[in-house]
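Reader: I am new to this structure. Please take me closely through one part, the surroundings of the ligand.

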Amino acid sequence: MIELYQFELSQYSEKVRFILDYKGLEYKKIEVTPGVGQFELFRLSGQKQVPIIKDGNTIISDSTAIAMYLDRQYPEKPIVPTNPKDRGQCLLMEEWADESIGPKSRKVLFGALTQNPSFRTLILPNETPDFLKNIVSGIPSELLEFMGFGVGCTPDLVKEARDSLKQDLEALCLILADRPYLVTDTPCLADFTVAGLSLLLKIPEGSYLDIPEQIKGKGIPGLADNSDYEPFFTWRDRIYADYRQKLTSTGTSASGPQSIQID
Ligand SMILES: N[C@@H](CCC(=O)N[C@@H](CS)C(=O)NCC(=O)O)C(=O)O
């Protein structure tokens with residue numbers, strides 16, 4: 001069975017989970033512990049980011065490379081169109097979403113977290129010990145803002161990212177106004193990338209993710225609750241309902257059991 005090394009709240013992991021679910025492939029999620037667990041990722045793949053998949057003896061890192069591998073290896077229900085123009089648009093939109101929605105939504109989430117201590121602890125992995133959650137919620141907002149300078153998340157850059165995301169969301173609403181999917185009449189890699197990467201803009205409701213109930217449906221103020229972008233989030237909810245597998249009542253993915261430790 002395919003193994004997916006992931007963080008449950010990683011946007012790029014969500015893109016890969018969408019593709020695995022769409023293709024109906026069974027997979028086992030392996031939740032990586034941030035920091036120490038990433039040594040194992042490095043040993044496996046020569047780099048330390050999720051997602052990584054292990055399919056037999058094949059190990060692939062990077063969500064785009066994983067998408068292309070899965071489409072080659074499991075061609076049923078293709079996700080990259082063959083018609084040249086559609087293919088070009090699909091690949092362009094995937095690349096744009098990876099480089100735009102992904103990094104910018106991380107920045108605006110950081111901005112939202114500095115202002116909201118309880119949201120901060122809720123997005124920590126379920127297994128995080130209570131004492132650590134208390135430390136995280138107790139960090140003063142000013143200190144977090146100061147720390148943001150070191151990671152490219154100054155208040156100005158957060159605002160710039162938010163404004164730019166507004167333009168992205170407006171563009172997506174316009175494109176989706178008269179069509180069911182972003183490129184053709186069937187879902188493709190562009191749709192799964194945009195839907196997956198918008199994870200942090202608004203956390204989906206429903207039992208798709210193993211996360212605290214309290215953060216489901218929550219999102220970035222000014223974006224997730226802005227009626228101008230409702231058509232986009234309604235579209236995204238439909239993509240979830242139609243193509244993403246729900247967890248079973250035992251907490252396992254419908255497409256395979258879940259593990260929280262690196263073997
Ligand atoms: N280009 C990569 C980006 C992956 C990425 O940014 N992963 C994040 C989680 S969403 C990560 O592993 N961050 C941990 C780190 O960089 O140490 C892809 O498409 O897979």
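Author: A polar contact is a pair of N or O atoms within 3.5 Å; within protein, one must be able to donate a hydrogen and the other to accept it, and residues adjacent in sequence count only if both atoms are side-chain atoms. V50 has such a pair: one of its backbone N or O atoms lies 2.9 Å from a nitrogen atom of the ligand. The protein covers 78% of the 510 Å² of accessible area that the ligand has on its own. Those areas come from the Shrake-Rupley method with a 1.4 Å probe; for residues, only the protein chains shown count as cover.

This is a predicted model: local features need pLDDT of at least 70, side-chain atom pairs count only at pLDDT 80 or more, and totals for chains, interfaces and linings use all residues. Residues are numbered from 1 along each chain as its sequence is written, and side-chain values use heavy atoms, with hydrogens and water left out.

For K48, a polar side-chain atom lies 3.0 Å from an oxygen atom of the ligand. For Q49, the distance from a polar side-chain atom to a ligand oxygen is 2.9 Å.

Now the whole shell. Around the ligand sit F7, S10, Q11, Y12, Q38, K48, Q49, V50, P51, D62, S63 and R106. A residue is near a molecule if one of its heavy atoms lies within 4 Å of it. By class, this shell holds four nonpolar, five polar and three charged residues.

As for confidence, the protein averages a pLDDT (the predictor's confidence in each residue, from 0 to 100) of 87, and 80% of the residues score at least 70.

Conventions: Nonpolar A, V, L, I, M, F, W, Y, C, P; charged D, E, K, R; others polar.
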